[in-house]
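Hi there,

Here is the structure I promised to pass on to you. Have a look at it first, and then read my notes below.

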Amino acid sequence: MFHDRARIHVAAGRGGDGSMSFRREYRVPKGGPDGGDGGPGGDVVLSADPDLRDLSSFQRGRRFRAGRGEHGRGANKTGAAGETVELHVPVGTQVFDEEGTILADLTGPRSRAVVAEGGPGGRGNKRFASPTRQTPRFAETGLPGEERALELRLKLLADAALAGLPNAGKSSLLRRISNAQTKVADYPFTTLEPVLGTVDAPDGRQLTVADVPGLIEGASEGVGLGHEFLAHLERARMLVHVIDVAADDPAEQFRVVDRELSAYGAGLGELPQIVVLNKIDLLPDSPQPELHDPRVVRVFALSCATGEGVEEFRRGLFELVPAAEPTEEEDVPVPDFLVYRPKPKARPYRIFRTDRGFRITGTPPEGEELEEALKAAGARKGAEVEIGDEVFELA
Ligand SMILES: Nc1nc2c(ncn2[C@@H]2O[C@H](COP(=O)(O)OP(=O)(O)OP(=O)(O)O)[C@@H](O)[C@H]2O)c(=O)[nH]1
Ligand SMILES: [Mg+2]
């Protein structure tokens, strides 16, 4: 099974607490503060892996948690950072949050996205020492890491994509021109999942071409395999529309498929098309269907069975598929990988552990969320909590 969607839950690590500690030295009765900072919690990162084909590895394990930061210790010892969790996804994976907002689009091999940021570590009491406060008897606690549900959607990255009715010969064509071992048979819906093939030009250039299940009339209403796989055509810059000229009315076949592409939306109805009139070996004369359509850039008549016309088509692909849009200016070196990072958020509040209990500064959350944050910081029932001038007991 080919999985192009997955729902996962990610939780970054909690930051370690800052330490409250005072120096103890031989014959020094009262040393200064030496509590180190807590380490930051680990992030959850997605990274695009060119060796992965789909998202099937996320069908079982769906919950991922990064490591927590270690607490700081006396003698100014900083806690170690929590371990990062790196999840590998196929190139072309888009990441959405629960509201459907896109967070990242991992289009390059080795692209990375931080999808849950580890909580910051708390500062140790050493950091709060000042001339007027030489013995700070409090330290900051670490904060929880980000936690969220995500939807991953794979949209294959192909330069061109095949479209057509079932049995038109799409997979036969890809098999002829690329390294892909596509399945070919004389019944409709032989291809059940998308396949990518790499086509080589003599000058070393390469194009990737996607083969997806065939479309039939009513696909937009879910007939056949429906529209399920058309997302994999969205990023193509050219459609190769394959038509079986030995079957009835090639011009009508063209219109049926075209209606379904337009009904899908996402710009598929506007993409330029190369039309391939396939199976000419079955006709006595070369076919001349009337295809007056401004999107059709060229028509090739060929036979996947005999190979006639296939080489011209392959050369035409390299000539006609528009070049990929440059993502960087020419003289700027393309980075090895891209890192998406959520905008750094101002830390809205801090929790300090004091002699008597806990003190909160900034704008803390309210109600249950506040209770949870306090409990996560180690506060027990009955603990004294100070917020501004207010003091209350944790219920
Ligand atoms: N005679 C002849 N048969 C062909 C030609 N191209 C493909 N076929 C046959 O047509 C049938 C369908 O070919 P496929 O390549 O599986 O067609 P498809 O468009 O991928 O079909 P789906 O995956 O079902 O959408 C197979 O039996 C092929 O052998 C051709 O040029 N001439
Ligand atoms: Mg096929």
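Phe300 and Phe313 are both buried, where buried means under 20% relative accessible area, exposed over 50% and partly exposed in between (1.4 Å probe, protein chains only). This is a predicted model, in which local features need pLDDT of at least 70 and side-chain atom pairs count only at pLDDT 80 or more, while totals for chains, interfaces and linings use all residues. Residues are numbered from 1 along each chain as its sequence is written, chains are lettered from A and ligands numbered from 1 in the order in which they are written, and side-chain values use heavy atoms, with hydrogens and water left out.

Now for the aromatic rings. A pair of rings is described by the distance of the centres and the angle of the planes. Rings of Phe, Tyr and Trp (its six-membered ring) pair if their centres lie within 6.5 Å; planes under 30 degrees apart count as stacked, over 60 as edge-to-face and the rest as tilted. By this rule there are five aromatic pairs. One of them is tilted: Phe128 and Phe138, at 5.1 Å centre to centre with 45° between the planes. Both residues lie in the loop between strand E7 (112-116) and strand E8 (139-140), so their pair ties together parts that are ten residues apart in sequence. (Helices, H or I with at least four residues, and strands, E with at least two, are DSSP runs numbered from the N terminus.) Phe128 counts as buried because its relative accessibility is 9%, and Phe138 is buried with a relative accessible area of 9%.

Phe300 and Phe313 form an edge-to-face pair, 5.6 Å centre to centre and 80° between the planes. Phe300 is in strand E15 (residues 296-301) and Phe313 in helix H3 (residues 310-320), so this pair links parts 13 residues apart in sequence.

Phe128 and Phe138 also belong to one aromatic cluster with Phe352. What lies over the face of Phe138? That is Arg359, at 5.2 Å from the ring centre. A charge sits over a ring if NZ of Lys or CZ of Arg is within 6 Å of the ring centre and within 35 degrees of the ring normal. The charged end of Arg153 likewise sits over the ring of Phe96, 3.9 Å from its centre.

Last, the strands. E5 (residues 93-96) and E9 (residues 147-154) pair in the antiparallel sense over four bridges; two strands pair if DSSP finds at least two bridges between them. Phe96 stands opposite Glu151 in E9.

Enjoy exploring!
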